[in-house]
Amino acid sequence: MAAAAELDPLLLLRQSIASGSAILPTASDDAAAAEVPLSQATHLTFSTPSHVALPIDTQTRFASSDTPVDLRSIYFAWLKREVAIPEYNASASQLNDELGGEGQVRKFAFVERLDLITWLEGASEESEYIKPLAGDKDGSTSTAAAALASKGAAAPAIGSKLGRSGKGTLDPQLAAIYNSERKMGDRNSVLRGIKPTDFSHVRKSSAIFMSKKPGQPSAANLSGNTELATRQKQRRPDPIILLSPSASSLLRMSNIKSFLEGGQFVPSDSLSASSSTSASMLHINRLMKDIDPNRPMRFILVEGPEQFKPEYWSRVVAVFTTGQSWQFKNYKWSNPTELFRHVLGVYVGWRGEQPPESIRSWGHRVLSVGIDRFKEPAVPHANLETSRWRDHEVVEHIWKSIESNMRSKGWRRDQAPTSI
């Protein structure tokens, strides 16, 4: 067992969550220490794979605005994962008051919080805010370690190497077998020759025949500028869809997931709704074949932009609306006509009914669709697919419009627009 100082706090926390083992804030690193309130804790004690107590102010690999975040803030965000953003911020302020000068809990932006919770619960193996483990240059070891932790396997020590199977430290007997293997060469190594040869003169001679585009950084400058190289490796940000917070909206946080992801409408107050009504954000996956045919894109769904940073607006790809202009009061573009010049609008109403006058006046940039009125099945728990088959056609029409709009705004397989 590695010493506590050598264990990665994030992997320990993810492993304990996956295995359902106890995580206790304590006032000491003693194995018999009792649980105390988070404001009085000096350590966070894990019971899996064995008793480990880490100082609660230990810095983790999770970075917010390029600043490492302490273990207390990470654990607090996990405890408050089910609450809305305003309640989370209020609870964090209350805890900071109780801590006084002994420490501070960092308040995460809503995208950071969503990304952290998604990683901790095992729904994702990587995060743009989590730095790789020490000595892991390409991030493969960190990704493999995260996958192990999500299955409840022992978290590796910081700096340790994973075996070929990706399941922890290499077994000594297996290492002996590997050492007896004959190492085969590849196309780069078979031509190495019996002695090293300096071909630098060839590079110098060929320099006059090589040309590069103006403004394109050279390989030498790119390799020397680690900050630029890191920035170029960052993954494409997730697109954002804004919903209407109006009580009259047919689609709310409780039923939007079953509609957009499952292709079936159920009332927001129905027991069949797929999500909690108290959720402040959701994410759904959708394969956008004309943008990235190889992997699904993850979309973030929220009801309001209160926690937005200015750069988040370039990631908004659709706004669901009921035609009530007060919805846009806190938007970057509060005027509906101006808003829908930049973002696709979507109105979902009942089939056969005219959209509100405001929807019609905002023009063709607002997609207006109708769905059949919902009728409770005569037999409880009956299959709704036979009666809601037309919902799927409407959903596909909405996604096709969103995808077309995303392509026109500059969304690509490995990049997103910087402005819309």
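## Ser21

Ser21 sits in the loop that links α1 (9–19) to β1 (23–26). This is a predicted model, in which local features need pLDDT of at least 70 and side-chain atom pairs count only at pLDDT 80 or more, while totals for chains, interfaces and linings use all residues. Residues are numbered from 1 along each chain as its sequence is written, and side-chain values use heavy atoms, with hydrogens and water left out.

Ser21 counts as buried because its relative accessibility is 17%, buried being under 20% relative accessible area with a 1.4 Å probe and protein chains only. The side chains of Ser21 and Ser19 form a polar contact of 3.2 Å (a pair of N or O atoms within 3.5 Å, one able to donate a hydrogen and the other to accept it). Not counting residues up to four places away in sequence, Ser21 touches Ser16, Ser47 and Thr48 (heavy atoms within 4.5 Å).

## Nonpolar cores

The largest nonpolar core has 61 residues, and Phe62, Ile74, Phe110 and Phe308 touch the most other members. Helix α4 (residues 110–120) supplies the largest share of this core, seven residues. Such a core is a set of buried Ala, Val, Leu, Ile, Met, Phe, Trp, Tyr and Cys residues joined through side-chain atoms within 4.5 Å.

A second, separate core of 36 residues includes Val266, Leu282, Ile291 and Phe299.

Key: Helices (H or I, at least four residues) and strands (E, at least two) are DSSP runs, numbered from the N terminus. Buried means under 20% relative accessible area, exposed over 50%, partly exposed in between (1.4 Å probe, protein chains only).
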